[in-house]
Amino acid sequence: MKIIEVKDYEQMSQMAAEYMIRKVKECKATNLGLATGGTPVGMYKKLIEDHRLQGTSYQEVTTFNLDEYIGLSGTNKNSYRYYMNENLFDHIDVQKDKTFIPHGDVQDFEVECQRYEKLIEANGGIDLQILGIGSNGHIGFNEPGTSFDSKTHVVDLKSSTIEANARFFNRIEEVPTQAVTMGISSIMRSKEILLLISGEGKKEAFHQLLNGDVTENFPASVLKNHPCVTIIADEAAVSGVKLRS
Ligand code: F6R
């Protein structure tokens, strides 16, 4: 894993956006894996700004998001489809029918999970996957204990994840308790991974990632087995974290 330390959230967002822009310029038909949550918002802002000022085009890009809440349709303001439209898709020239997010409002989730997995495969896989990390080490919504062999599946969210995400909802009772997420093996098949870590709240997780064992109890640890991972972490997340000597 290559680790880049930057000063703050602003610099992390700038560097991450530049990384993605480079990728899209190298290959216009890139398949991007995207994340939601607080971490990538700044990066998406920078992508929008660059699209407006420099004209970087996403017309041939295909996107696959990591996850979606169960029970929320794409028009619900708390759905990840809504988040992606608001924070990125509505402001760049990506073709909406080439932006994929698991559906959270279907009847048969087994079918939905298989459909999503096949969709990624049929499009040739993900070239660059953006990840955030949960304070319990989750990636996507793969909570501690998830098999490293998992494909797209339904998860019960841990109470720590529900509590962390309650900030986006009016009341904690409104946070869905389940989600559909790409599995760990789905994520690991991405050709390249960019993990963003920002803020003091992620310090423990960053420490565990760097110094802990590779274990299903800490899902992000699997990234140590991937050949091409870059981490951009800011000072607040890095401070005091030492690489194992
Ligand atoms: C979001 C996702 C999650 C988040 C993680 C960190 O699509 O898959 O794994 O990346 O929960 O969330 P934030 O960035 O809000 O701290």
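How much space lies in the largest cavity? In this predicted model, the largest cavity holds about 50 Å³ of space. The structure has 1 cavity of 30 Å³ or more.

Strand 2 and strand 3 run parallel and are joined by 4 bridges. In this pairing, Leu34 stands opposite Asn65 of strand 3. Strand 3 (residues 62-65) also pairs with strand 5, again in the parallel sense, over 2 bridges. Here Thr99 of strand 5 is the bridge partner of Thr63.

In a regular strand, side chains alternate between the two faces of the sheet. Strand 2 shows two such directions: Asn31 and Gly33 point one way, and Leu32 and Leu34 point the other way. All four are buried.

Thr62 lies in strand 3. Its relative accessibility is 6%, so Thr62 counts as buried. Beyond its neighbours within four places in sequence, Thr62 is in contact with Thr30, Asn31, Leu32, Lys98, Phe100 and Asn123.

Val24 belongs to helix 1 (residues 9-26). Val24 counts as buried because its relative accessibility is 2%. Leaving out residues up to four places away in sequence, Val24 touches Thr30, Leu32, Thr56, Ser57, Tyr58 and Val61. Val24 and Met43 are 19 residues apart along the chain, and their C-alpha atoms are separated by 14 Å.

Nonpolar cores were then considered. The largest has 32 residues. Those with the most contacts inside this core are Leu131, Met182, Leu195, Ile197, Phe206, Leu223 and Ile231. At least two core residues come from each of helix 4 (109-122), helix 6 (184-188), strand 9 (192-197), helix 7 (203-211), strand 10 (229-234) and helix 8 (235-238). Helix 7 gives the largest share, 4 residues.

Outside the four places on either side in sequence, Met182 is in contact with Phe64, Asn65, Leu66, Tyr116, Ile120, Ile126, Gln129, Asn142, Lys151, Thr152, His153 and Ile187. In helix 7, the buried residues are Ala205, Phe206, Leu209, Leu210 and Asn211. Their cover includes strand 1 (2-6), strand 9, strand 10 and helix 8. An α-helix has 3.6 residues a turn, so residues three or four places apart point the same way.

The largest pocket has a volume of about 610 Å³. It is lined by 32 residues. Closest to its centre are Thr36, Gly37, Gly38, Tyr80 and Asn165. Strand 4 (67-69), helix 3 (80-87) and helix 5 (159-165) each supply at least two lining residues. The lining of the largest pocket divides into 11 nonpolar, 16 polar and 5 charged residues.

Helix 3 has Tyr80, Arg81, Tyr83, Met84 and Asn85 as its buried residues. Among the elements that cover them are strand 2 (31-34), helix 2 (41-54), strand 3, strand 4, strand 5 and helix 5.

Asp67 lies in strand 4. Is Asp67 buried or exposed? Asp67 is buried, because its relative accessible area is 4%, and the cut-off for burial is under 20%. Not counting residues up to four places away in sequence, Asp67 touches Thr36, Tyr80, Ile101, Pro102, Gly140, Phe141, Val180 and Thr181. Two of these, Thr36 and Tyr80, are among the residues closest to the centre of the largest pocket. Asp67 and Arg81 are 14 residues apart in sequence, and their C-alpha atoms are 9.4 Å apart in space.

Key
Residues numbered from 1 in each chain as written. Predicted model: local features only at pLDDT ≥ 70, side-chain atom pairs only at ≥ 80, totals over all residues. Heavy atoms only, no water. Core = buried A, V, L, I, M, F, W, Y, C linked by side-chain atoms within 4.5 Å. Buried < 20%, exposed > 50% of the residue type's maximum accessible area, 1.4 Å probe, protein only. Contact = heavy atoms within 4.5 Å. 1 Å grid on protein atoms, 1.4 Å probe; cavity = no way out; pocket = protein on both sides within 12 Å on 5 of 7 lines; lining within 4 Å. Points joined across faces, edges and corners; volume = space filled by probe spheres on them. Pairing = 2+ DSSP bridges. Nonpolar A, V, L, I, M, F, W, Y, C, P; charged D, E, K, R; others polar.
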